[in-house]
Protein chains: 2
Amino acid sequence: MEERPLTGISPPGRIAAPGEGIGQDELSLAARNHGLPLEALRYEVTPAGLHYVLVHYDIPDTGTGTGSDTDADTWRLTLRGHVRTPLELDLRDLRSLPSVTRRVTMECAGNGRARLSPRPVSQPWLVEAVGTADWTGVPLRTVLAEAGAAPGAVEAVFTGADHGVERGVEQDYRRSLPLPVGEDVLLAHTMNGGLLPPQHGHPLRLIVPGWYGMAHVKWLRDIELVDTPFGGYQQATAYRYKQAAEEAGEPVTRIAPRALLIPPGFPDFMSRTRVVRPGPVRLAGRAWSGYGAVVRVELSTGGDPDGGPDGGGGWVDAEVLPRGGHPYAWQGWHADWTAVPGTHTLLVRATDASGRTQPLRQPWNRGGFGNNQVQAVSVVCR
Amino acid sequence: MEERPLTGISPPGRIAAPGEGIGQDELSLAARNHGLPLEALRYEVTPAGLHYVLVHYDIPDTGTGTGSDTDADTWRLTLRGHVRTPLELDLRDLRSLPSVTRRVTMECAGNGRARLSPRPVSQPWLVEAVGTADWTGVPLRTVLAEAGAAPGAVEAVFTGADHGVERGVEQDYRRSLPLPVGEDVLLAHTMNGGLLPPQHGHPLRLIVPGWYGMAHVKWLRDIELVDTPFGGYQQATAYRYKQAAEEAGEPVTRIAPRALLIPPGFPDFMSRTRVVRPGPVRLAGRAWSGYGAVVRVELSTGGDPDGGPDGGGGWVDAEVLPRGGHPYAWQGWHADWTAVPGTHTLLVRATDASGRTQPLRQPWNRGGFGNNQVQAVSVVCR
C-alpha cells in the first residue's frame, strides 16, 4: 500500500512577504542549527562546537563519538548497485585502510539566505554558516576501486541515516556525485584528530572539498552506483539555482568566493554593533572559494553596501596569506586601519583565481543558495 | 575623562509588538548562540558541541582548549578585595589542587522567551537552551579559604574576560554570589574529561549547580570580595523578575522544574512536525529542577496547551528514573503510548520535591526569564 503524501505538515516552499519578520518555523531551525560566531574566525581550524551545523532532519542515534559506544561493532557501509563486487564494510575495515587528512573549509549553500529580499523561508542564515576542520578518512576512490564500477554506472548515490519528510514525501537524506569522483573526496571517520561528533556525521561522512555542505553527506551508510542520474529531492528539486518553483534550475555545486572579517573591538549585546577606540586597528579575517585560491581581498572602510557600485567608499587591498599546504582551506588576510571617531561601515570582498568575486547586491534565487554578498560590519569609534 | 554612554548603538530593552516577527537583531543572536537539538536529550551527558551556548559579548581569545595553547602560562585568576591574603593563581596552581567532578544540568534563564506573548526582544530561545556536562574543578570554598574573607565581606563578585556594551555602558561580564558560597560551587577547568572548549569558558569558569546559566561565569579571571551587595548590570538590572523596566524586581537564581520530550518519530524539515507509525511508541526524555529532585513527570497525549486547565486531555504518570549519584543532573523518564492515526499534541510536565510544577500558561515577565511552560510536540500518526 502506497502511503499518501504528508502534505498537511509539509507545506510547499514559500517566499516571505515584504517586511515579514522571521517566523517560528525559521526560528526552530535557527535554534537547533548554528553558525560560527564570527570572532571564531580567529582559529585557523574551527573547534568542533563552533563549526557551523545544519541538520536536515534529526541527528540519528549512531553514538556519541566519545569512544564508549559500540557503534564500531554495528555500523555498516554498503556499496551496491552497478558494482562488480558489492561490499559491506564496518568501521574497523575503513579505519584499517590507508587514510589522508585534508583541511577543508565548508559552508552551507544557504548561507546569507536571511539577508535576501524577498527572503526564501528556510534555515535563516545571515553570514556565519561556515567552518574549517581537519578531516581524516579513506579516499572514496579506494573503496570504489575495491567494489569496481560496472558498465553503465554514471553516478554514485550517497545515503545518510537521517530520515524525514520534505514536501510531503518521507525520505532518507540522499545526494549523488558524477563518476568518476574526484581524488580529493573522502570517507571521513575523524575530525580534528578525534572521532566525529554526533552532529558532524558520526561515525562516517562524505567530504567533498570545495563544494557546499549539502554534498558532504553525514551518517553515511550506503553508496549505490546507478546508471541514470539520481533524481531525488535533495538533488533535483532542492539545491538548484532557480527563479521559480517550476524551473529545473542549475545544480548547486562549488562554493562561491567569500571573505569574512573578524568584527573588531567589542560588541553591544543586542545590536551587535562594534565599538573600537581611535587609532590603529588591525583588521583580519579569512577568505575562501571552491573555484581556486583567493588572490585578492579588498576592504572598504567608508562603505555602504547600498551606496553605489564601489560601496560608497574606496577599496584598498588587504594582505592575503598564501594557501600553503591546505588547498581546500580558507586563507588568512589582514589590513591596517586607523579608526577616527564616528560611525563606519566596513566592507570586505574576495576575488579568486577563476576571476569570481563577491557582489555588493546579491542576485536572487528562490532557494537562497550560493549567496556571497559582501559582509558589512557596523563600527562605532568613540 | 568619563566616556559618554554609547546610547546610539545600544537601545533600551524592548517588547515586540503583537504579531511582530523575529527581527534581524534577534536572529543575529540566534545564529551565533545555539540550543540543544531536542533529539540530543537521548545523551545523558551532552556532547560539547550540542550543549546550549549563550555568549553575551564575544568569545574572548583565551585559547582553543586543544592543548597546543600557551594559555596555561599566561592565564591568571586573581582574588582580591575584602580578603586577608590576595592571591594570584595560574592554571597549574588550580589544577594541582584537589578537584571534584559534578554532573550538572545547565539551562539559560531566558529559555522559552520567544514563546512569550508579548515577546521580550533578546536571544529568542524556544525551549532548547539546556545541556548536561561533567564539570571538574576546584571547590570555590577551597580557594576562598586560602585567601580568607576579611570582616565585612558579604559577596563574591566574579569577572569574566568577555567585554561589551549593555544599555550604553561598556563593561566586563560580572556576577556575584552571597557569602558563604555553597560547597557545591566549582572553579571548573575540565568539561566532559577534556579542557573547556572556547565557547564554554576556556580555561576556567564558575559552576553554580542548580542555578540558571547567567551565574556560571565563563572565562573567569577575577574574584573580588565586597562589603556591599554588587550592583552591576547583570545582577541588579538584567536577570531580575519584573513587570516594568523601572521596578527593582526579584533576582533570577535557581532553575524552575522542566521536562522535555525527545520528539518521537521523524520530522518534516521545515515545520518540524513529527511523524510516527501506528502502534506502540516509547516516549522518553529528561526532567530537572534547581529546587530538588523531580518526583513526577506527567504526560498528556490528547493535549492542547490552550485547551483548558488539564491541557485538553488527561494526564498520565511517566516512570521517572532516580537521580542516582548525580544530584544536579537531569533525570530520565519514559512512558509508553499507543499511537493511532490522526494528529496529536503531546504535553509533558515535571513536578519537583519542593512542589513546584510547570504551568500550561506561562506567567509573563519583562526579561522573559524563568519560563517553564509545558512543552507541546505536534505528532502526526500516519
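Visitor: What pLDDT does chain A average, and which ipTM does the predictor give the complex?

Guide: This is a predicted model, and chain A averages a pLDDT of 94, with 95% of the residues scoring at least 70. For the complex, the predictor gives an ipTM of 0.95 together with a pTM of 0.96.

Visitor: How should I read the relation between chain A and chain B, and by what turn can one be laid on the other?

Guide: In general, two copies of a chain are related by a rotation about an axis and a shift along it. Here chain A can be laid on chain B by a turn of 180° and a shift of 0.0 Å along the axis, with an RMSD of 0.0 Å, which means that the relation is that of a two-fold axis. The same surface serves both copies, since 100% of the contact residues of chain A recur in chain B.

Visitor: Is helix 1 of chain A mostly covered or mostly open?

Guide: Helix 1 of chain A is mostly covered, with 7 of its 9 residues buried. The buried ones are Glu26(A), Leu27(A), Ser28(A), Leu29(A), Ala30(A), Ala31(A) and Arg32(A), and the buried residues of this helix pack against helix 1 (24–32) of chain B.

Visitor: Within one chain, what does the domain assignment give, and how many residues does each domain of chain A bring to the contact?

Guide: The domain assignment of chain A gives domain 1 (7–15 + 22–251) and domain 2 (258–381), whose C-alpha centres lie 28 Å apart. The contact takes 30 residues from domain 1 of chain A and 23 residues from domain 2 of chain A. On the side of domain 1, strand 3 and strand 11 (240–241) of chain A are the elements that give two or more residues, and strand 3 supplies the largest share, 4 residues. The residues on this side of domain 1 divide into 14 nonpolar, 8 polar and 8 charged.

Visitor: Why is strand 3 of chain A described as largely enclosed, and with which strand does it pair?

Guide: Strands of a sheet pair through backbone hydrogen bonds, either parallel or antiparallel. Strand 3 (residues 100–107) of chain A has 6 of its 8 residues buried, so it is largely enclosed by the rest of the structure. Strand 3 pairs with strand 4 (residues 130–139) of chain A in the antiparallel sense over 8 bridges, and Arg103(A) stands opposite Asp134(A) in strand 4.

Visitor: Which strands pair with strand 22 of chain A, and in which sense, parallel or antiparallel?

Guide: Strand 22 shows both senses: 3 bridges join strand 15 (residues 274–276) of chain A to strand 22, and these two run parallel, whereas strand 21 (residues 342–352) of chain A pairs with strand 22 in the antiparallel sense over 7 bridges. The bridge partner of Val276(A) in strand 22 is Cys381(A), and that of Leu346(A) is Val377(A). Strand 22 (residues 375–381) of chain A is largely enclosed by the rest of the structure, because 5 of its 7 residues are buried.

Visitor: In what order do the strands of the open sheet lie, and which are its edge strands?

Guide: In chain A, 4 strands form an open sheet in the order 13-16-20-19, with antiparallel pairing. The edge strands are strand 13 (258–261) and strand 19 (319–320) of chain A, each pairing on one side only. Strand 19 pairs with strand 20 (residues 331–339) of chain A over 2 bridges, and the bridge partner of Glu319(A) in strand 20 is His334(A).

Visitor: As a last exercise, why does Ala238(B) count as buried, and where is it found?

Guide: Ala238(B) is found in the loop between helix 5 (233–237) and strand 11 (240–241) of chain B. Ala238(B) counts as buried because it has 22 C-beta neighbours inside 10 Å, where the cut-off is 20 or more. Leaving aside neighbours within four places in sequence, Ala238(B) is in contact with Tyr233(B) and Gly367(B). Ala238(B) and Arg366(B) are 128 residues apart in sequence, yet their C-alpha atoms are 9.9 Å apart in space.

Conventions:
Residues numbered from 1 in each chain as written. Chains lettered and ligands numbered in written order. Predicted model: local features only at pLDDT ≥ 70, side-chain atom pairs only at ≥ 80, totals over all residues. Pairing = 2+ DSSP bridges. Buried ≥ 20, exposed ≤ 12 C-beta atoms within 10 Å, placed from the backbone. Contact = placed C-beta atoms within 7 Å. Least-squares fit on C-alpha atoms with pLDDT ≥ 70 in both. Domains from an automatic or database assignment. Nonpolar A, V, L, I, M, F, W, Y, C, P; charged D, E, K, R; others polar. pLDDT = per-residue confidence, 0-100.
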